[in-house]
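Subject: Structure for you to look over

Hello,

Here is the structure we talked about. Please open it first, then read my notes below.

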Amino acid sequence: MTKLLRKVLAFLLEPFDLYLLALLGALAFVGLLTLYSASDGSWTRWSGQVINFAAALVCMWLVAHVTPNRLASLALPLYLLGVLLLVGVALNGEVVNGARRWLHVGVTRIQPSELVKLATPMMIAWYLQRYQDDLRPLHFAAAAVLVALPLGLVLRQPDLGTAMLIGAAGFYTIFLAGLRYRVITALMVMGVASLPVLWSLMHDYQRKRILTLIDPTEDPLGAGYHTIQAIIAVGSGGVFGKGWTHGTQSHLDFLPERDTDFIFAVFAEEFGMVGAVIMIGLFIAIVLRGLRIASNASGLFPRLMAGSLALSFFTYAFVNIGMVIGVLPVVGVPLPLISYGGTSLVTMGLGFGILMSIHRHRGMMSAT
Amino acid sequence: MKLTTRQEISQNSQYQSRLQVAGAFIVVAFSLLLLRLLVLQTVQFDYYHTLAESNRISLVPSQPNRGLITDRNGIVLAENRAVYTLEIYPKEVTNLQETVKALAEVIKLTDVDRRRFDKRLKESRKFDSLALKSFLSDEEVARFSAQKFRFKGVELTTRLFRSYPMGNVAAHALGYVGRISPRDKAALEARSEAEAYAGIEAIGKDGVEKTYEADLRGAAGYAQVETDAAGRGVRTISRKASTPGNRLRLALDIRLQKIGEEAFAGRRGAAVAIEPATGDILALISQPSFDPNAFVDGIDANLWKELNESLDRPLTNRPLRGAYPPGSTIKPFMALAALETGTRSPERTIFDPGFYTLPGQGHQYRCWKTEGHGAVDLQRSVIVSCDTYYYGLAVEMGIEKMHDFLSRFNFGKPSGIDIDGERNGLNPNEAWKRARFKDKWYTGDTVSAGIGQGYVLATPMQLAYAAAVMANRGVAWKPHLGKEVVDSQTGKVRRIELQPAYKTQFNDENLERVRAAMVGVTQPGGTAAQAGAGAPYTIAGKTGTAQVIGMKQGQKYRESEVDERHRDHAWFIAFAPADDPKIALAVLVENGGHGGSAAAPIARKLMDYWILGKTPDAANAPAAPPTNDAAAPHD
């Protein structure tokens, strides 16, 4: 009997990097704990998230079995499909809350920008692997265009948060492939110089968010309201927090979107500085473990993919927490594994599945 | 893995160094976040702690005034009333049971109040305030205020409640508002409209309250309020006023509606009156009715059960949802069909021996008049409502032609009235029967359909609409209850557009012939002669009787022997004045017996008021002169 149990357990855990799995599990535990409090003990919300986690876990397990070579061969079709769907959204998408993000496909509606989040770095990694023996500036330029295409389409929706994440994932891939620091510096200077142009292209609500970041008190009831209330929540948490389910800011309806984008404020209010250090520690550990997997990987595609995934995960967490504590503009980015929401969790599951697969197949020669 | 070439080695070392840079970067970046958290949570802790614990600024939404609903003459049908409400903050109350018990000594708490409160307690979140009792009397307010110190966590507030001053008059047309249910909430979220409902507690659930919800709703305002640690308002800092909803003026004439409802005198039934030239619905009567005021604060479960399970079905909107066999009211349309399709000429005379038999079959389809009408032409067939004429006509025409022609009067289709819940009725043909019963159409089916029995079903709304189309010579305006919306801010009037539903062409001569026959119905010798007697305007009408239970072959229907609920339904459709119709209507009295004696008098009262401005209370109105035909025809 125990033998059978051991066999089953081995079958289930075999594709996973146990170290990474343990870290993810710890973060997911913190997430469910926080969500219970943030949704005021709503059982439906909580059990819904448990189901989301289960779905993400299944996705991760399945993807972990796919070899990196197979993943690389999927890059082009997935990327093309993603871009095609984005064009479909631009032409025929459904408008929700003033942004055109959803596409109706038969009975359900999908958000193609989620697919693109993974497909873009896959595409870049696949493309750069093809020319890995002879990487020239021209190839990097082509890779930049491959990033710019979906990024531009998502920016038009408009969805600043997702566009930024796609851009970051693409950039990480190119950076790890060895784009020269000189070029990066030059691009940064150019980027700063082009800020005024970018400003003129932004939507009013996006400008408002950036302005209120500089001075949230300017619009305390409008755009600054979220930020002010979140900062009060975090600050009033102190070192040890107010205790689980005892956050006053969170529970007196001061905090908007407290179980999705602003859930970190609930956590920091209730668990304080100590909790925040633990959570951010977990984030750091997961990212570093991801980078370790990247370091051990062989072949350019797995390396670039693993590195980009780990750094993307960092970006999610950093941008979300930064937004809640008022150092970054309010963009709609959920806190990975903590915020309520099935779509982002499944995307996470797929991403970590790829990491697990790269870890599992690290000894294999890559096809060149 | 083997690294063979120098290039690969250098590539790898570059890659590893890039990873290290990235690793260092993320540690630094997260450290910056931690630094910021350190500042917020330790250095500035006192500041934020004070903000959070002692004084906070919160946004308190203020309820908008829902738009008024008036009838076409400006008489208010739905308004808002400020009501004293006792609210409990469960979080601040140490012993809820005890507090409620103590409160019951100060104010009157009924079982209904208690049940409702328990339900709200279960549905709410722990920081919400809950209404314990609304509609407090002045005396209760005074008593509570004097003893307020005893009740921590209990507050007296005023809330706006929807109120329907006319009570159960026109309830089915108005509909009602109710508390936003979890289901409503989900629907609003699906339409991305949930935000518009912040601070709004009620939503239109039925009738025009539902259809014109977006206009009536208004927009909530916000007060910026300084609150104490428990989240209770201490001081208002600023205020953005709410925007009241727009005023809705209906096409309905509430006096006409009331006259009609009273004319039913407790009988079950329905009536619809339409202005043919516009599609304005002048009256939409469903009897018995209910009091929509019972719904505004959440209806009590027992009352709901009582209303819902009553055999009289007061909640059913009969004009729209009641599908009945149209009976003989279908005959004028069949007569027009005979002329328009060329099936029978106006001069064609048949002999009615009191029954009809299909060639080669023994089964007798009986005319309502056992001894028969003798020689009957088209004109007389409408006036005396001869069944035998129409049995034969239907068979000669065939069901498909009949179906197609009746479609032109909208049989079998919803009229498109601007409130929910309309049923289609049924305009049968061969394809329908095959799809529905997997059976072929028999000629016998056609025979029954010819007198509006068998499979044929129509709602009172449909028959009123068909009468309006006949009155308006084939031009159909979509029936509507809403007439115009008056903007609460600008005072601008937005007419609810008249929508031409469709136009159907008839030969003028044929149409006039049928209309003349319908006028004959309300004159001496016609089946509604009594109801038409003494009218200073001409009425084109048709009586009808819809069978509720089938009669065996050879059995005679005797009203006195039949259970009340199995008695025939009485129909009357009409428009008047016949040459320039101002009103078209359909009246149905459930189990009322004969159309001429039960339904037509109600229609007459409606027409008298609308055309002459005469109310039935004017008792000095001349009594109807005795009619000269002793045996009053009775279909």
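Start with Thr245 of chain A, which sits in the loop between helix H11 (223–237) and helix H12 (248–251) of chain A. Its phi is near 65°, a positive value in a residue other than glycine. Thr245(A) has 16 C-beta neighbours inside 10 Å, so it counts as partly exposed. Keep in mind that this is a predicted model.

Lys438(B) lies in the loop between helix H17 (430–437) and helix H18 (443–449) of chain B. Buried or exposed, then, for Lys438(B)? It is exposed, because 7 other C-beta atoms lie within 10 Å. As background, most residues other than glycine have a negative phi, and most peptide bonds are trans.

One joins Gln287(B) and Pro288(B), with omega about -5°. Pro288(B) is in the loop between strand E12 (281–287) and H11 of chain B. Another cis peptide bond joins Ala576(B) and Pro577(B), with omega about -15°. Pro577(B) is in the loop between strand E22 (569–576) and strand E23 (583–589) of chain B.

Pro288(B) also turns up in a contact. Asp312(B) touches Arg268(B) and Pro288(B), leaving aside residues up to four places away in sequence. Asp312(B) belongs to the loop between helix H11 (301–309) and helix H12 (318–321) of chain B. It has 12 C-beta neighbours inside 10 Å and therefore counts as exposed. The C-alpha atoms of Asp312(B) and Ser289(B) are 9.5 Å apart, and the two residues are separated by 23 residues along the chain.

Now a helix with another setting. In helix H15 (residues 387–397) of chain B, 10 of the 11 residues are buried, so the helix is largely enclosed by the rest of the structure. Among the buried residues of H15(B) are Asp387(B), Tyr389(B), Tyr390(B), Tyr391(B) and Met397(B). Gly398(B) follows H15(B), and its phi is positive, near 85°.

Next, chain A as a whole. It has 15 helices and 3 strands. Of its 368 residues, 50% are buried. Take the contacts in chain A with a separation of 6 or more: 71% of them are between residues 24 or more positions apart.

One helix pair in chain A deserves a look. Helix H3 (residues 43–64) and helix H15 (residues 342–360) of chain A pack at an angle of about 30°, and their axes are 7 Å apart. That angle makes H3(A) roughly parallel to H15(A). The crossing of H3(A) past H15(A) is right-handed. On the H3(A) side, the contact includes Phe53(A), Leu57(A), Met60(A) and Val63(A). On the H15(A) side, Leu345(A), Gly349(A), Phe352(A) and Met356(A) are among the residues involved. By class, this contact has 16 nonpolar, 5 polar and 1 charged residues.

Then the interface. The contact takes 35 residues from chain B and 44 residues from chain A. On the side of chain B that touches chain A, helix H1 (6–43), helix H2 (45–53) and strand E1 (56–62) each supply at least two residues. H1(B) gives the largest share of that side, 19 residues. The residues on that side of chain B divide into 20 nonpolar, 11 polar and 4 charged.

Last, confidence. The model scores ipTM 0.91 and pTM 0.62. Chain A has a mean pLDDT of 87, and 91% of its residues reach 70 or more. Within chain A, confidence is lowest in strand E3 (residues 108–110), at a mean of 67. It is highest in helix H13 (residues 263–296) of chain A, at 95. Chain B averages a pLDDT of 86, with 90% of the residues scoring at least 70. Where should you take care in chain B? Over residues 619–633 of chain B, pLDDT stays under 50. The model has 20 contacts beyond four places in sequence for that stretch. Where pLDDT is low, the predicted coordinates should not be read in detail.

Best wishes

Definitions and conventions. Residues numbered from 1 in each chain as written. Chains lettered and ligands numbered in written order. Predicted model: local features only at pLDDT ≥ 70, side-chain atom pairs only at ≥ 80, totals over all residues. Axes fitted to C-alpha atoms, helices over the stretch in contact; angles between N-to-C directions. Helix = DSSP H or I, 4+ residues; strand = E, 2+ residues; numbered from the N terminus. Parallel < 35°, antiparallel > 145°, perpendicular 65-115°, else oblique. Left-handed = near helix turned anticlockwise from the far one by under 90°. Contact = placed C-beta atoms within 7 Å. Nonpolar A, V, L, I, M, F, W, Y, C, P; charged D, E, K, R; others polar. Buried ≥ 20, exposed ≤ 12 C-beta atoms within 10 Å, placed from the backbone. pLDDT = per-residue confidence, 0-100.
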